[in-house]
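Look at the sequence and the model below, then follow the explanation part by part. Each term is given its cut-offs where it is needed.

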There are 2 protein chains.
Amino acid sequence: MDYRRVDDRENDKESSRGDLESLEGKPIADHAASRNNMYSSAGSSSKLSSWKLKSIVTLALTLLTSSQSILIVWSKRAGKYEYSITTANFSVEALKCAFSLAALFRIWSTEGVTENNRLSTSFDEVSVYPIPAALYLVKNLLQYYIFAYVDAPAYQILKNLNIISTGVLYRLILKRKPSEIQWAAFILLCAGCTTAQLNSSSDHVLQTPLPGFLMAIVIALLSGFAGVYTEAIIKKRPSRNINVQNFWLYIFGMLFNMIAIFIQDFDAVANNGFFHGYSFITVCMILNHALSGIAVSMVMKFADNIVKVYATSVAMLLTAIVSVFLFGFQLSLAFFLGTTVVSVSVYLHSIGKPQR
Amino acid sequence: MDYRRVDDRENDKESSRGDLESLEGKPIADHAASRNNMYSSAGSSSKLSSWKLKSIVTLALTLLTSSQSILIVWSKRAGKYEYSITTANFSVEALKCAFSLAALFRIWSTEGVTENNRLSTSFDEVSVYPIPAALYLVKNLLQYYIFAYVDAPAYQILKNLNIISTGVLYRLILKRKPSEIQWAAFILLCAGCTTAQLNSSSDHVLQTPLPGFLMAIVIALLSGFAGVYTEAIIKKRPSRNINVQNFWLYIFGMLFNMIAIFIQDFDAVANNGFFHGYSFITVCMILNHALSGIAVSMVMKFADNIVKVYATSVAMLLTAIVSVFLFGFQLSLAFFLGTTVVSVSVYLHSIGKPQR
């Protein structure tokens, strides 16, 4: 389902946030220490407290998302890559699907096949799974058209609208009521992230023509809706094994990515082959995307979309800090101010009790 | 007492905020409608509720402070001015003193001379009044030296430290305890104001050498301390007429400004005369400074330093918006983001109940 571009041809930097609305479910492979615990949590006998589980998946998402952006910068330094984006996205879906199946085999061998972890499903259960995948397809097609009105750095700024749209849709669809303080925190998160990304050319975002703005809003709504809808699907059956839920989500993800290959890259794939232009770094990026996709899914199951937005926002800031050491990037005053505002937002979100 | 420079030779723009820690007490002359009410409030028979009074003085301060910055821009457009800053500051103090006396004459004619509105004072009462004036003198001298390390736009950014220092000293000296949310709001106010002032050259603030940073912190502390100390002086005797309190503050303001004239501009004044180089706009600026000084004093008496900081911050944003219409300024994305953060800060400050 992860329609997020594996490379970053349309985005200048830190494409990590808000665009990672994929749906996965295998415990994060590189958190080996917590692996067995998470396996059983995903099953029935939870050993970790809900809080601990939530923290681990959030941390995993944050770290994977930051390393994602760093891989993108690294790959840009390594030179141009010539693979087709749609095949890479398909590969990510296929890999996540494989991870989910592997996790399920392991669970079946220890716990046996139960009502909650069996792969077979009902039409009632599976019928909603294509919806997020279809939303991502529409969103990704729209992303092609928006570049007629907006350039890449400006779009990077406009993508922060995802934060607001996720908050609003989360409220409307999942019927959770964030407190007034949490709403304030959410507005601050959006303003802080945008501030942190400001650079000398940011001002021309204000010259974006109306169709560009409207498309950015539609994309933000589609993206937010897909994320919130996925959470609704996953949480509707709390005892259902997350790996099964993800298996089905990824099946549709593969299907819709296949459609994207036909629409966008049919000729290139037909002439040069599916894996044309793949390099070591491409493989790293696909693996990273698959793992962070899985982390997103775990966050959806054990936390929520709001936590996801915070994790990916903090990841954006982490990426910039790590880039100072790795690539000699300079941090701007705007970055410090944005980071301050985001930190206050995280604090306010944590102290603002929701009215549930 | 108002040692704030009437012109703006060292500051690039919007010098309005955080530097207006003068002490005044005549009701604001251009709020004629509320004049009589405020007179009697400043006396004994309060007709306006405390809330209404607080709102009026806050609004007056905000409007006067924004028009101050606009006058500065206007005066810059009108060309160079050749008057000495220290004489202008002295004139502001003298004018405020005259306003206070005029208000007192009017009060004496309607209410008679009472214990609370008599001009004569005790050593115990008057002995603390020179302290803020002395602090401003030291601060203004330091401001000359900081420009060896920091240029004007960078100092404009560093002056936002005043917001933090005022909050901290307000807490320490007046023993008020802002709530956690109000602390968060205060950090946001500082970050938001700085963000709103960002421009393409702001980043070199980060290259400020350590002595420059330390001096900026000392100046912020002096300025914050003078403001909070003035509030303490004025509030120590709640029933004492504000015009009498201000009369004494301004007497010392005149005295210390006289010292500044001797230190900085003795030769110029001796050779060219006291009012050399004064133009119509100089007179407007002196009048505006006197009135906003009086508004600051009213805010100290009927509200507090925190309200003052918010009023002057909002004034800075108002100035920028008005400048779009008056001078064709362009608002930046940073300005919108900063304004959003400041607005959320105002909201959070209002909902965060203090633990008093």
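A salt bridge is counted where a side-chain nitrogen of Lys or Arg lies within 4 Å of a carboxyl oxygen of Asp or Glu. Side chains of opposite charge can pair when their charged atoms come close. This is a predicted model, in which local features need pLDDT of at least 70 and side-chain atom pairs count only at pLDDT 80 or more, while totals for chains, interfaces and linings use all residues. Residues are numbered from 1 along each chain as its sequence is written, chains are lettered from A and ligands numbered from 1 in the order in which they are written, and side-chain values use heavy atoms, with hydrogens and water left out.

Over all chains, the search finds 10 salt bridges. One of them joins Arg237(B) to Asp124(B), with 3.3 Å between the closest N and O atoms. This pair links distant parts of the chain, 113 residues apart: Arg237(B) is in the loop between helix 9 and helix 10 (242-272) of chain B, and Asp124(B) is in helix 4 (residues 123-126) of chain B. Helices (H or I, at least four residues) and strands (E, at least two) are DSSP runs, numbered from the N terminus. Arg237(B) counts as partly exposed because its relative accessibility is 23%; the label buried applies under 20% relative accessible area, exposed over 50%, and partly exposed in between (1.4 Å probe, protein chains only). Asp124(B), at 49%, is also partly exposed.

Glu231(B) and Lys235(B) meet at 2.8 Å, N to O. Both lie in helix 9 of chain B, four residues apart, about one turn of the helix. In chain A, Lys96(A) and Glu93(A) form a salt bridge at 3.1 Å, N to O. They sit three residues apart in helix 3 (residues 85-111) of chain A, and both are buried.

Helix 9 of chain B, residues 210-236, also holds Ala220(B). This alanine is buried, since its relative accessible area is 2%. Leaving out residues up to four places away in sequence, Ala220(B) touches Leu161(B), Asn162(B) and Ser165(B), where contact means heavy atoms within 4.5 Å.

Now take chain A as a whole. It has 13 helices and zero strands. Of its 356 residues, 58% count as buried. Among contacts between residues at least 6 apart in sequence, 87% join residues at least 24 apart.

Last comes the meeting of the two chains. Here 26 residues of chain A are in contact with 26 residues of chain B. Together the chains bury about 2100 Å², 82% of it on carbon and sulfur atoms; buried area is the accessible area (1.4 Å probe) that two parts lose on being put together, summed over both. On the side of chain A, Leu206(A), Leu333(A) and Leu337(A) lose the most area to chain B, together 25% of what that side buries. Helix 13 of chain A supplies the largest share of the side that touches chain B, 10 residues. By class, that side of chain A has 19 nonpolar, five polar and two charged residues. Here Ala, Val, Leu, Ile, Met, Phe, Trp, Tyr, Cys and Pro count as nonpolar, Asp, Glu, Lys and Arg as charged, and the others, Gly among them, as polar.
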